[in-house]
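Student: I am new to this structure. Please take me through one part of it closely, and then show me what lies around it.

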Amino acid sequence: MRRVVPRTFFAQLVLGIILAQTLALGGYLYYVVVSTRKTSQRNLEARISSQIDRLAAVSTERIRRGDYETLRELLELAEIAPSIQSSRLTDLSGNTVAASKSGMNRDLDAEELKILPTVTGQHIFRTKKGQVEAVTPLLENGKPVALLWLEPTPSSGSAISPIVRMALIYGALALLANLLPIFLIVRRMTRPIRTLSRATHGVLRGTLPNPEFPLPVTVRNEAGVLTENFNTMVRELEEQRSGLLETLALLDSMLGNAPIGFAFLDAEFEIVRQNDFFSTMFSTQDVHGGILAGSLAAEVRTRAAEVFKTGQGIRNFELKDGREDAPRAWLMQFYPVRTSTENVRWVGVVCSEITERLKAEETLRRTEKLAAAGRLAASVAHEINNPLESVTNLLYILRHHQPMDVSALGFIEMAQEELARVAQVTQQTLRFYRQSVSRARVDLNEIIDSVFALYQPRLLRANINVVRESRGDTSLVCFAGEMRQLLANLIANALDAMPGGGALSIRIRRTSIPSSGVLLTVADTGHGMSEETARKVFEAFFTTKHATGTGLGLWVSEEIIRKHRGSVRLRTREGERSGTCFFMFFPDVSEEAWSNGERDSSTPDAVPVS
């Protein structure tokens, strides 16, 4: 269809006019031919009817007198008429009695014999060959005595050819008359349209506006209005384009100089777009032909591949360069970028450097450790002071006791036991503050035992009942020192909340919800917390202990839980039957998974508090 229909408006209009004129002329010719043919047929039948009636009247008179010779001459004379081809006279059985020269040597054919018995009056019929023929009976005293047959000339009554010729001439003249104004009008219409077409292509190619713009308006019709509207549209597009370019320039400047890195990666990990901050994260060895490579970029490639595969974003991923002299760290966000389809087209990467923040957090942790060390130092000093006084007294007695009998040996044995107590307290204190440099699988019950060994005297003085429960395998891959610090912070807060005594419950059990791991619960029957305090309890420097508190204990505890990819949930109540309960979940992560930086998809990134 595209090959048949012309592309230009002018050619389509000319083709449409020709087709319309041809169809109209064809319909008119069909109507004229059919109408003329029917009229000629009616005239022919009327003429034959009149001729056969007159010839029948004359022939009846000749038959009555028996003058058949004159009858033959009469039939010959009838053939002289240009409209009569032949005539003949037969009896009622179809035998020829008299005929003209054209009908002398021909008998009745099968069609004529077929209608012979039915002829009772004048009858005009058409043969299978389309020839018109007429027959009428000759009556004598009211009875038929013979039949008169008349065949007209085939070409008589044909006037179609001159009419068709005239119609064709008229159609050709009408077509020329229609095409002439079309040439004049369409040329005036298509000229501005072609100008608009060239200008439209110029807009698409970006060559408009140019010195020739705006387009001149040469006509005052619809094409002129269209040209004016086009000029207005191009001006508005140019204004919008200028505003968009300014906005993009501002956005590029802002993103290029922002202290946050932005980049887009395709499925081949090629950088589609990046700003200066992101480019400074990787050295020249990490980028080859726009594709991320190298040790530092391997983590980015791994997370981007995960987003391409799952279609889900990754939030708050910490990336460290691992250098010993001046380590740096970034907080990475990965999110999918989709087009009109559901497939991920690119992966967007947003990163911000958190090196200074991590240093500040480490400083706060050390500050909290120093504060805890001060509190524990007082307790340790008190605990060491009593056995030291005993050792001093015993040694004094031993010094003045002569000779060394059994009693002296008993005093010496008691001194050794007290010194063993001092050594045990010292070892527990050193174990509490010794920093773990690597993760290892440890039993949480052993860590709890070491913490309770430090706080046992204070628990006894405060009249606090300890309830412990353990079910299943309680081993966990973790930093033992940090887990000991976490439990020490929670137990110390529980002791502060129960100055008049109470119950401290610690439960450990293996669970599979939300994933395989260990659920640790620390609960007390203290005075509880208000809703406002519960909302702020994990914030740094928030404390309700006034001069004796630093506000860093639970903040550090939350960081330890987050570092072990765990989650914590808090429940507390003030007033009657008050108390506080911490529910902590630590997922099972193998040592290999810790080393490879894998994450458990079922463990939340944030630490929920309720």
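Tutor: Start at E469, which stands opposite R507 in β16. This is a predicted model. Strand β16 covers residues 502-511, and eight bridges join β14 to it. The two strands run parallel.

Now widen the view. Five strands make up an open sheet here, in the order β14-β16-β17-β19-β18. Its pairing is mixed. Which strands stand at the edges? They are β14 (464-471) and β18 (567-573). Each has a single partner strand, so one side of each is left without a neighbour in the sheet. On average, neighbouring strands of this sheet are turned by 10 degrees against each other, direction ignored. In a regular strand, side chains alternate between the two faces of the sheet.

A helix covers part of this sheet. Helix α11, residues 444-461, lies across β14, β16 and β17 (517-524). Its direction is at about 175 degrees to β14.

Compare a second sheet. It also has five strands and is open, with the order β2-β1-β5-β4-β3. Here the pairing is antiparallel. The edge strands are β2 (96-99) and β3, and each pairs on one side only. Neighbouring strands in this sheet are turned by 25 degrees against each other on average, direction ignored.

Look at β4 in that sheet, residues 132-140. Is it enclosed or open to the outside? Seven of its nine residues are buried, so β4 is largely enclosed by the rest of the structure. Buried means under 20% relative accessible area.

Take the β3 side of β4. Strand β3 spans residues 123-126, and four bridges join it to β4. These two strands run antiparallel. The hairpin of β3 and β4 has five residues between the strands. In that hairpin, G130 takes a positive phi near 90 degrees.

Now take the β5 side. Seven bridges join β4 to β5, residues 143-152, and this pair is antiparallel too. A134 stands opposite L150 in β5. P137 has L147 in β5 as its bridge partner. Strands β4 and β5 form a hairpin with two residues between them. In the turn, N141 has a positive phi of about 55 degrees.

Helix α2, residues 68-79, lies across β1 (84-90), β2 and β5. It runs at about 160 degrees to β1.

Next, go to the surface. L180, F183, L184, I185, M189 and I193 form a nonpolar patch there. Together they have about 580 Å² of accessible area. L184 sits in helix α5, residues 160-205. Its relative accessible area is 62%. Exposed means over 50%, so L184 counts as exposed.

Last, step back to the whole protein chain. It has 15 helices and 19 strands. Of its 610 residues, 38% count as buried. The chain exposes about 36500 Å², and carbon and sulfur atoms supply 56% of that. Consider the contacts between residues at least 6 apart in sequence: 59% of them join residues at least 24 apart.

Terms used:
Residues are numbered from 1 along each chain as its sequence is written. This is a predicted model: local features need pLDDT of at least 70, side-chain atom pairs count only at pLDDT 80 or more; totals for chains, interfaces and linings use all residues. Side-chain values use heavy atoms; hydrogens and water are left out. Patches are made of residues with over 30% relative accessible area and no salt bridge: like charges are joined within 9 Å, nonpolar side chains (Val, Leu, Ile, Met, Phe, Trp, Tyr) within 5 Å. Accessible areas come from the Shrake-Rupley method with a 1.4 Å probe; for residues, only the protein chains shown count as cover. A salt bridge is a side-chain nitrogen of Lys or Arg within 4 Å of a carboxyl oxygen of Asp or Glu. Buried means under 20% relative accessible area, exposed over 50%, partly exposed in between (1.4 Å probe, protein chains only). Two strands pair if DSSP finds at least two bridges between them. Axes are lines fitted to C-alpha atoms, for helices over the stretch in contact, and angles run from 0 to 180 degrees between N-to-C directions. Contact means heavy atoms within 4.5 Å.
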